[in-house]
Amino acid sequence: MKTILLLGAGIEQTLAIDEAKRLGYKVIACDQNPNAKGLKIADIGVVCDINDVKQLCILGRKYNINGVFCHGVEIPEVAAKISTALNLPGITPEVAHRATNKITRLEWFKSHNIPVADFHIARNEGDIKNLQDKIKFPVILKPIDSSGARGVQVVDKKEQLIPAYNEANTYSKSQTILLESFLHGNHVSTESIIYNGKIITFAFADRNYELNAEFHPYFIEDGINYPSKLSQQQRQNILELVERTIKKLGITMGAAKGDIVIDGDQPKIIEMAARTSGGWFGAGSIPIATGTNMLRPLLQMAVGDKPDLSVLRPIRNDFCAQRYWIPRQTGKIKSVTGLNEIATMPGVKMFESFFPPSGTEVHKATNHAERFAQVICTGSSLKDAIQNCKNAINSIQVEIN
């Protein structure tokens, strides 16, 4: 029996834990939250900081692990440092850093002729003041070391820059902020697996930002729509760009998660990370729509087994959509009802609720971490799948006062 160390044991990571156990692996799962669901279903659950490389290496040696893996968590550098230190399969820490740090990644793209949005870097208010008369609005501010859209917002005029910069810095240890030109086109997510020089991009869908006006200036993604509404030529252009980007980054094995925007007729890379996506995309919506299984070959690769890439071939092509329950007001949660009926509603294939306890103070969402339930539905058409999602989400009754 091989042993795998899984970094993160939250509700979404239980998908990877379950798959690893189906493969016959012994699972050591780590999470800093002692109540993380995955700690209870792993063979061994350990409460610890999943960013502490030194302690994780000690843990890896203790259990003589054969591989390390993280699913839907922005820590590929941690996994790479552990795999390098313990001589396990994985990418190098240098490649992981290049594909994680927002500034390093964009500068690498630009130097290798990968199309991206124009960008600037601000490390203090003085940089912001120097840029405010040089940049073209609107721009998007992003902390370079956060995830889940924390601290990300759009700025429409220069008077908003410094307040937005200060807010973004509350999510940044480095106090370094990226300013990117706003691209107005369609957003697309991709998921790829790389093995022995072969890149298989098996997941492709449109990201849904129809709530942007309501949550402005923040970007709150409300799920995905599958299949994409883009033309075959647009999809082909994106797939070619995804493959070229992965090669330029030097990702030679494992996962690569892409976010792309169609700017006019040209696809531009917003992100290409050396990890799986969060938000139940590649391991939720796409398997439901197509029957693929990304986690199985990735886990196999992580422990040095030959991956079964056949599970990445679609066996169906169903219409599929995903939506979230997102708070639209501020106050304390008094009650949440209507959850138990959702699993049996028309079209519902997956439902997860992660509402905080009653009495918890919530506010109108400013990032993706503040979404409290998700549903994935199929339908006879994409419109039908979307409506099934909306019906399910709208059936949740949350009293906030």
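## Proline 227 and other backbone features

Proline 227 sits in the loop that runs between β11 and α10. In this predicted model, the peptide bond joining tyrosine 226 to proline 227 is cis, with omega at about 0°. Proline 217 belongs to the loop between α9 (212–215) and β11 (224–226).

Which residue has a positive phi although it is not a glycine? Asparagine 113 does, with a phi of about 60°. Asparagine 113 is part of the loop between α6 and β5 (119–122). As background, most residues other than glycine have a negative phi, and most peptide bonds are trans.

## Helices α6 and α10

Two packed helices are described by the angle between their axes and the distance between the axes. Helix α6 covers residues 102–111 and helix α10 covers residues 232–249. Their axes come within 11 Å and cross at roughly 110°. An angle from 65 to 115 degrees counts as roughly perpendicular, and α6 and α10 are therefore roughly perpendicular to each other.

Which residues of the two helices meet? On the α6 side they are Arg105, Trp108 and Phe109, and on the α10 side Thr245, Lys248 and Leu249. By type, the residues of this contact between α6 and α10 comprise three nonpolar, one polar and two charged.

## The parallel sheet

Four strands make up an open sheet in the order β3-β2-β1-β4, and their pairing is parallel. At its edges are β3 (44–47) and β4, each of which pairs on one side only. On average, neighbouring strands in this sheet are turned by 20° against each other, direction ignored.

Strand β1 (residues 3–7) and strand β2 (residues 26–31) run parallel and are joined by five bridges. Leucine 6 stands opposite alanine 29, a residue of β2. Helix α1, made of residues 14–22, lies across β1, β2 and β4. The helix α1 runs at about 165° to β2.

## The antiparallel sheet

Another open sheet has three strands, ordered β17-β15-β19, with antiparallel pairing. The edge positions are taken by β17 (361–362) and β19 (397–400), each with a single partner strand, so one side of each has no neighbour in the sheet.

How many bridges join β15 to β19? There are four, and the two strands run antiparallel, with β15 spanning residues 331–337. Valine 336 has valine 398 in β19 as its bridge partner.

Rolling a probe the size of a water molecule over the atoms shows where empty space is left. Searching the whole structure turns up one cavity of 30 Å³ or more. The volume of the largest cavity is about 280 Å³. Its lining has 19 residues, and those closest to the centre are Val68, Phe69, Ala79, Gly254 and Ala274.

Which elements each supply at least two residues of the lining? They are β4 (67–70), α4 (76–85), β12 (254–263) and α12 (295–302). Helix α4 gives the most, with four residues. Sorted by type, the lining of the largest cavity has 14 nonpolar residues, four polar and one charged.

Methods
Residues are numbered from 1 along each chain as its sequence is written. This is a predicted model: local features need pLDDT of at least 70, side-chain atom pairs count only at pLDDT 80 or more; totals for chains, interfaces and linings use all residues. Side-chain values use heavy atoms; hydrogens and water are left out. Axes are lines fitted to C-alpha atoms, for helices over the stretch in contact, and angles run from 0 to 180 degrees between N-to-C directions. Angles under 35 degrees count as roughly parallel, over 145 as roughly antiparallel, 65 to 115 as roughly perpendicular and the rest as oblique. Contact means heavy atoms within 4.5 Å. Ala, Val, Leu, Ile, Met, Phe, Trp, Tyr, Cys and Pro count as nonpolar, Asp, Glu, Lys and Arg as charged, and the others, Gly among them, as polar. On a 1 Å grid over the protein atoms alone, a cavity is a set of points where a 1.4 Å probe fits but cannot get out, and a pocket is an open set with protein on both sides within 12 Å along at least five of seven lines; lining residues have an atom within 4 Å of a point. Grid points are joined across faces, edges and corners, and a volume is the space filled by probe spheres set on the points. Two strands pair if DSSP finds at least two bridges between them.
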